[in-house]
Amino acid sequence: MDDDNKKVIIVEDDLILNLLYESYLERLGFKTQGELVYGKTAIESAKKIKPDLIVMDISLEGEIDGIDAMLEIRKFSEVPVIYITGNSDPVHKQRAEQTDYLDYLTKPIEFDDLKKSVEKYFASDTE
């Protein structure tokens, strides 16, 4: 996927993980947009940036989590989302299903995990 016009928003409140995911996504040919730690900021950024992909941690700082943020984003966008969570609790997964996610990954994630998820959606771009 050599198309540098593909924009991704990473929403992760752990700065080290944020930088790690950023490096993974840049290796996959995405242009990453900022370090976002709040669901509210993610909603505003999704409106403004119109990303091609969102990588969303479920547990975020602030009053709304990643799933609530995506429910808001779904009101104006069908952007694909990959959830990354440290919590494999089935309640979160059921809530996440309401947002029609691309993938649901449990931390820690490796480059290949993210690559497989991205290729599910962007397969035609990676060949």
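This is a predicted model: local features need pLDDT of at least 70, side-chain atom pairs count only at pLDDT 80 or more; totals for chains, interfaces and linings use all residues.
Visitor: In β2, which residue is the bridge partner of Val8?

Guide: Strand β1 covers residues 7-11 and runs parallel to strand β2, residues 31-36, with 5 bridges joining the two. Together with helix α1, residues 15-27, these strands make a right-handed β-α-β unit. Within that pairing, the partner of Val8 in β2 is Thr32.

Visitor: Is Asp65 buried or exposed, and which backbone nitrogen does its side chain reach?

Guide: Asp65 sits in the loop between β3 (53-57) and α3 (66-73). Because its relative accessible area is 17% and buried means under 20%, Asp65 counts as buried. Leaving aside neighbours within four places in sequence, Asp65 is in contact with Ile58, Leu60 and Arg95. Its side chain reaches, at 3.2 Å, the backbone nitrogen of Ile67.

Visitor: How far apart are the closest N and O atoms in the salt bridge of Glu63 with Lys40?

Guide: Glu63 counts as exposed at 59% relative accessibility, whereas Lys40 is partly exposed at 47%. In the salt bridge that Glu63 forms with Lys40, the closest N and O atoms are separated by 2.5 Å.

Visitor: Which residue meets Lys120 in a salt bridge?

Guide: Lys120 is exposed, at 54% relative accessibility, and its side chain takes part in a salt bridge of 3.0 Å, N to O. The partner is buried, at 14% relative accessibility, and lies in strand β5 (residues 103-106), while Lys120 belongs to helix α5 (residues 111-126). That partner is Asp103.

Methods
Residues are numbered from 1 along each chain as its sequence is written. Side-chain values use heavy atoms; hydrogens and water are left out. Two strands pair if DSSP finds at least two bridges between them. Helices (H or I, at least four residues) and strands (E, at least two) are DSSP runs, numbered from the N terminus. A crossover is right-handed if, with the strands pointing away from the viewer, the path from the first strand over the helix to the second runs clockwise. Buried means under 20% relative accessible area, exposed over 50%, partly exposed in between (1.4 Å probe, protein chains only). A polar contact is a pair of N or O atoms within 3.5 Å; within protein, one must be able to donate a hydrogen and the other to accept it, and residues adjacent in sequence count only if both atoms are side-chain atoms. Contact means heavy atoms within 4.5 Å. A salt bridge is a side-chain nitrogen of Lys or Arg within 4 Å of a carboxyl oxygen of Asp or Glu.
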